[in-house]
Amino acid sequence: MSDDILSVRDLKLSVKGDAGLAQILDHVDFAVKPGEVMGLVGESGCGKSTLIRTILGLPPKGARIDSGTVAFRGRNLLDPKEAQQIRGREIGFIPQDPFQAFNPVFTVGAQILEILRWSGLPDDPKGARYDKSLRARHKARLIEVLRAVQIPDPEEALDRYPHQFSGGQRQRILIAGALATRPSLILADEPTTALDVTTQMQILRLLRELAADYNVAMLFVTHDFGVVAQICDRVSVMYAGQTVETGTTPQIIDGPRHPYTGMLMACHPERSTEITGIPGQVSSPLTPPPGCRFAPRCPRATEACTSARPGLLNSRDGRQLACVHEEEFA
Amino acid sequence: MLMLKKFLRDVPAVLGLLIVVIAVILALFPGLLVDNVDRVNRGDILQRLKPPSPDLPFGSDDLGRNIFDRVVMGTRSALTISTLVVSLSMIVGVPLGLIAGYRSGWVSSAIMRVTDVFLAVPQLILAIAIAQILGRGATSAMIALAVTYWPFFTRTVYAETQKIRASLFVEALEGYGASTTRIMLFHILPNVAAPVIVRATVGMGFVILTAAVLGFLGVGAVPPAPDWGLQISEGRKYLPVHWWYATFPGLAILFLVLGFNLLGDGLRDLVDPRLRRS
Amino acid sequence: MLLFLIRRLILIIPVLLGLLLLTFLMLRLGGNDPAAAIAGDNATPEMIERIREDLGLNDPLPVQFWDYLVRAAHGDFGVSAYSQRPVGIDILDRLPATLELTIVALVLASVLGITFGALAGIWRNSIFDHTVRVVSVAGLATASFWFAIMLQLVFSMGLEILPLRGRLPTGWTPPPDITGLYLVDSLVTGQFATFWYAFLHLVMPAVTISLGGIATIARFTRSAVVAAMHSEYAAYEQAVGYPRRRILMPYVLRNSLVTPVTQIGLLFGAFVSSAVAVESVFDWPGLGSYLVEAIFTSDFNAVLAVTLVIGAIYGVVNILVDMTQGLLDPRVAETM
């Protein structure tokens with residue numbers, strides 16, 4: 001497993017808030033291999049955002065790591081100093097909402113160049129001061145990636161303000177910002193959710209191509225299996241802070257084995273003739289049910305489900321599954 | 001109930017409410033703290049300009065009157081003026097704002113242009129001018145303040161009404177054929193009530209301050225009324241030796257206005273969470 | 001931008017006309033006879049009647065108003081009944097003192113308000129934050145004339161470190177009249193002693209006037225900073241590796257300035273208002289005290305002209321504020 005770019009192992013994290021201790025992440029476990037696009041799927045509120053912030057070394061205020069590790073090429077991302085070195089430089093980030101992510105009163109060029117200023121480029125001269133020539137290098141690099149994300153007239157685009165671009169264009173510029181520092185991993189936080197369907201398609205296609213062209217691995221967070229099907233090589237499913245199933249995209253989409261994965265997929269209108277929902281509600285992280293957190297809503301739940309949390313086990317077909325009924329579905 | 005609970009958790013706002021409630025009680029029943037309410041304007045010349053002591057907590061003034069008693073009685077005059085001014089301003093300003101915000105065309109622009117003109121002069125100057133024309137006295141000060149304050153209500157209501165008018169539910173009501181008056185009175189008015197209440201609370205503080213300036217400059221209350229502004233202007237002549245004379249009425253203004261401002265802040269937080277202070 | 005400026009300047013005119021009409025009607029229908037004011041206490045009814053005729057006070061009101069406008073458009077604002085001098089000259093005499101006071105107060109309020117507000121926002125819920133909040137709420141609740149008197153009590157009468165009243169010590173020669181602003185004029189001509197005295201005389205009046213402004217600006221800056229720090233873009237900036245201090249300065253801060261700058265314009269009215277009372281406490285020979293005298297003496301021409309000047313300054317300040325906003329926020333600039 002040492003060739004993993006990103007590995008999240010057994011991560012348990014709780015956040016102390018006004019209402020008490022919330023157990024946001026409970027044994028999250030997955031890894032991203034070089035060059036692959038890994039999907040991370042879950043409903044809103046399942047802990048995806050906390051997980052992303054933790055991977056970037058920016059856990060939410062009041063967070064406590066109860067157990068587990070988060071490592072980038074073997075380097076500890078739970079160490080704030082180490083994470084500060086890695087984030088932006090070796091892990092690029094694409095935010096969810098291109099309409100909100102830009103500071104409205106600065107030019108897009110200034111904002112993206114700022115990333116390069118603090119992260120630098122791998123081929124920057126060692127120990128160079130940030131001066132005009134370095135800035136010019138960075139600018140040249142930025143124009144190159146802006147061209148790659150198909151922004152027309154990139155030189156001129158640098159001097160424009162965020163509101164002068166459409167949502168799709170803004171997302172392209174943010175993608176350029178993630179790629180510019182030549183990272184080996186890009187973290188994409190639902191990058192198409194805020195866009196309309198046509199733009200969504202274009203952005204997904206672009207991301208797919210760029211991941212291949214630049215040989216960069218991607219952790220693609222989404223709640224949408226349609227998006228997963230289009231872009232991901234593998235996918236890991238989360239429910240209420242627990243990893244429930246991880247496998248290749250065809251494995252998961254064509255044969256979901258965890259009851260939650262199956263039910264979540266059934267909610268997707270393109271994959272189901274009738275719109276169904278999952279009965280019940282996501283349990284509160286303040287008072288999580290013992291054992292499998294999905295058990296209260298699971299049609300197949302038995303006493304065994306609530307007695308202990310099912311471990312994430314390797315299945316015969318290579319996927320990982322956290323369900324006590326695993327054998328029954330094999 | 002949830003609102004009440006939220007409000008009670010806001011310590012400064014509760015403090016503000018407490019100050020306001022105490023002030024109102026003192027204004028209604030000054031006898032609680034003042035021995036002889038009818039005699040606050042009469043002094044004992046032998047007791048003139050005595051420093052604060054257990055008998056005279058705030059000292060006495062140049063006519064030997066008990067400053068503490070006069071400060072307490074000043075609460076009544078300050079609250080009367082501010083309540084009347086704010087009510088009058090609301091009676092004029094709110095309907096105008098509703099009409100200007102709901103209607104479009106020349107009626108609306110006429111109202112708003114007039115509002116602009118009133119807002120283009122500093123309120124205090126307008127108030128001094130009007131008070132001077134009407135002749136010195138508490139009543140003319142009150143009218144002057146009301147004439148200067150109504151545009152604030154018009155502005156607030158106008159902005160809110162425009163927002164609501166553009167919303168779907170008003171369109172739906174118009175579709176059902178509800179009358180304009182009905183829509184304005186029963187559907188828009190309740191929705192603008194919250195910002196108006198906040199505005200009114202903050203306005204109470206503003207009016208108390210402005211009324212004090214009028215009293216100080218000699219266009220407000222007439223002696224021997226126990227008006228705070230007037231007391232400060234009289235007490236100023238006896239500085240620095242008899243420092244208590246001008247000091248305590250000013251502190252009273254500070255506390256009462258502080259109360260209304262804290263309360264107003266708290267109410268605004270309840271009404272408009274976007275502006276939360278926390 | 002130029003077009004915007006011209007359009008806005010033209011838009012001031014109807015407001016000023018409305019303001020003049022309002023003041024005119026108020027003074028006219030208000031009962032105080034300006035002719036009597038001019039004639040003085042010993043005048044006979046015949047004299048007053050002659051003055052009325054001379055001033056055109058017996059003409060119909062619309063004619064009088066029109067006459068006034070025509071004269072005002074030629075720069076003739078009439079003669080002050082009180083000083084017996086042309087009102088225009090009186091105003092030019094008094095305006096610099098008020099301008100100097102309000103400008104210094106405005107600068108003080110902006111610098112302190114933005115600094116305190118920004119730091120309170122950055123160190124949210126710290127002791128510093130709570131202190132700023134309590135002090136600013138109290139500052140807004142303080143009657144400025146009373147605060148001025150208290151400052152005099154402590155610093156002039158008690159500690160004797162600041163002068164009690166006026167712009168300069170009694171008998172001290174003012175600097176040559178270049179701008180009328182003593183600080184500027186004395187500095188330009190190298191009269192440093194005069195500069196120092198002018199500065200000392202300015203401290204208490206300027207602090208008093210800026211008190212409410214500091215509080216208002218601090219409150220708005222603080223909430224803008226808090227909002228900006230919790231914004232999506234601040235989260236993004238952090239996620240892509242900007243250092244924290246860099247996020248604060250300039251990214252969060254620049255964004256947070258837009259709202260307070262708007263407030264500075266709105267504050268100008270409040271400043272002029274408090275200047276009226278504060279000038280009278282400190283015997284500051286400015287427009288505020290001039291206006292109060294004019295109102296008290298029914299000095300018709302003076303009141304009208306001062307109202308016009310204040311209204312015009314108010315309008316110009318608001319245009320300046322809008323332009324500053326355009327500099328700070330490109331989205332606003334685009335609408336100009």
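At what angle do the axes of helix α6 (residues 138-165) and helix α8 (residues 180-217) of chain B cross?

1. Before that, some housekeeping: this is a predicted model, where local features need pLDDT of at least 70 and side-chain atom pairs count only at pLDDT 80 or more, while totals for chains, interfaces and linings use all residues. Residues are numbered from 1 along each chain as its sequence is written, and chains are lettered from A and ligands numbered from 1 in the order in which they are written.

2. Now the helix pair: the axes (lines fitted to C-alpha atoms over the stretch in contact, with angles from 0 to 180 degrees between N-to-C directions) cross at roughly 155° and come within 9 Å. α6(B) and α8(B) are therefore roughly antiparallel (over 145 degrees). Helices here are DSSP runs of H or I, at least four residues, and strands are runs of E, at least two, numbered from the N terminus.

3. Contact means C-beta atoms, placed from the backbone, within 7 Å. Among the residues touching are B:F152 and B:F153 of α6(B) and B:V192 and B:P195 of α8(B).

4. On to chain C: 37 of its residues are in contact with 36 residues of chain B. Helix α7(C) gives the most to that side of chain C, with seven residues.

5. Last, chain A. Strands β1 (residues 6-17) and β4 (residues 63-72) run antiparallel, joined by eight bridges; pairing takes at least two DSSP bridges. A:K12 stands opposite A:S67 of β4(A). β4(A) also runs antiparallel to β5 (residues 75-76), through two bridges, with A:F72 partnered by A:R75. In that hairpin, with two residues between the strands, A:R73 takes a positive phi near 45°.

Notes. Contact = placed C-beta atoms within 7 Å. Parallel < 35°, antiparallel > 145°, perpendicular 65-115°, else oblique.
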